Structures are given as structure tokens and as C-alpha cells.
Amino acid sequence: MHVRDSVNHKNKVLEVDGSNQLSVKDATAQSSLSNIESSVANLTSDPATATNQSTGNMSLTNIESSVANLTSDPSTATLQTAANLSLSNIDSALAGTITVSSAAPARASGSLASAASKTAGDLSASVDGNSHRKCAIFGSCSSDSGSVKVHISHDNVNFFEDNQAQYYANFSNGHIAGHFNINARYFKVEFMDTATYTLEYAMCD
């Protein structure tokens, strides 16, 4: 067999040694062949497949242990126990009945004047509205121009006019009616005109 000498540009006979092996003089080629030979030797004495198999066996053991834990104490069972406890607490909280009061609101009523002749500026007796929040006053006046005004107090001594709570008689029949919130404990009314008045009050919660 001939090969081409790239340096001298001639064909040469390819020669082998007595063992029919090709003699390699190239240093780089010899180094590569040496590394290949060393790698093959390592594969023979301590193959990588055996090492990988050992690592794989350890991984399989860990997986088997994890599966065993799931079997003996599954997380679903733990979560179910916690859920049952929560449901039990909810059930206890909802147990029983809700009591709803059907009682009517507390009410109180009375008279401020009963067919009484009043002079402009007269005041009625005071009323204690401590247990109530709203009040209505209603009645009649002999004068179609008559009116009444509410006075309020926190101590039943010092009273003040509530100019937002003055109620006038109806021109056609002399009826008077109005309502206000009881923000101060006591109240009374002032008769604003000289006339005959009949006046009542009614309070509620």
C-alpha cells in the first residue's frame, strides 16, 4: 500500500513492524493513542457503569423509603383530621338557636295641657325622656295662628329653646303636631300665643 508524502510530494510504501503494527512517529498522535489506552484501562478496572449503578441504587432506596412513609402516615389522613377538627368547631359555633326579641319598643305618653287657657310665654311641666329617643307632640289650639316651641335641658333646671322644634296650628282646624329627637334628657313646651290648648306627648325608643 502506498501513501502520499505531502512534504516531498512522492508516493511511499506504507510499512509495518514485525508484529504487523503501524509505527507512529507523530508526537500528537502518540499522545492521543496513549490517552485512549489509559481510558480503556480504567473502564476495565473500574467501569463507570458500576459507579452509576451504585448511585442509582441509593436513589431507589430513598424513593422506596419515601413511599413507605406515605403508606404508614399519608399526608391526606393528616389533612383530613385537621379538616374534621375545623368542621367540628364550625358545627359547635353554629349550634343552638338565635334568640330574636319580638318585644315592642318602650313607649310613654302624657298630657302637657288639657283644654287649658294659656298666656303667651307660659311653659308646661317638664318631661323626663331619659329612656326614649324620639318624641311626638300633638293636640289643638283655639287660635289658628297659635304655636308651641320645645325647650330642652340636661339637668331639668336650665332650659333652652329649640328653634328647630316649633310647631304651628293648622289654619283650618287648629291642630298641632310635630316630632323631635330626644337628645337632651328633659323637655317642656312653651305656649307661644294666648289661647286654649290641648296638648299631649308620646315617646318611644
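Phe180, Phe187 and Tyr201 make up one aromatic cluster in this structure, which is a predicted model. In the structure as a whole, three aromatic pairs are found.

| Pair | Centre to centre | Angle between planes | Geometry |
|---|---|---|---|
| Phe180 and Phe187 | 5.3 Å | 80° | edge-to-face |
| Phe187 and Tyr201 | 6.0 Å | 85° | edge-to-face |

Phe187 takes part in the pair with Phe180 and also in the pair with Tyr201. The angle of 85° between the planes of Phe187 and Tyr201 is over 60 degrees, so this pair counts as edge-to-face. Phe187 belongs to strand S9 (residues 186-191) and Tyr201 to strand S10 (residues 195-204), so their contact ties together parts that are 14 residues apart in sequence.

Lys188 sits over the face of Phe159, 4.2 Å from the centre of the ring.

**The sheet**

Strand S10 also belongs to an open sheet of four strands, ordered S3-S10-S5-S8 with antiparallel pairing. Which strands stand at its edges? They are S3 (107-118) and S8 (175-181); each has a single partner strand, so one side of each has no neighbour in the sheet. From one strand to the next, the twist averages 15°.

Strand S8 runs antiparallel to S5 (residues 134-141), and seven bridges join the two. Within this pairing, Ala136 has His179 of S8 as its bridge partner.

**Cysteines**

How many disulfides does the structure hold? The number is zero. For Cys204, the nearest cysteine sulfur belongs to Cys135 and is 8.7 Å away. A disulfide requires two cysteine sulfur atoms within 2.5 Å, so Cys204 is in no disulfide.

Cys204 has a relative accessible area of 19% and is buried. The limit for this class is under 20%, so the value of 19% places Cys204 among the buried residues. Cys141 is buried as well, with a relative accessible area of 6%.

Notes: Residues are numbered from 1 along each chain as its sequence is written. This is a predicted model: local features need pLDDT of at least 70, side-chain atom pairs count only at pLDDT 80 or more; totals for chains, interfaces and linings use all residues. Side-chain values use heavy atoms; hydrogens and water are left out. Buried means under 20% relative accessible area, exposed over 50%, partly exposed in between (1.4 Å probe, protein chains only). Two strands pair if DSSP finds at least two bridges between them. Axes are lines fitted to C-alpha atoms, for helices over the stretch in contact, and angles run from 0 to 180 degrees between N-to-C directions. Rings of Phe, Tyr and Trp (its six-membered ring) pair if their centres lie within 6.5 Å; planes under 30 degrees apart count as stacked, over 60 as edge-to-face and the rest as tilted. A charge sits over a ring if NZ of Lys or CZ of Arg is within 6 Å of the ring centre and within 35 degrees of the ring normal.
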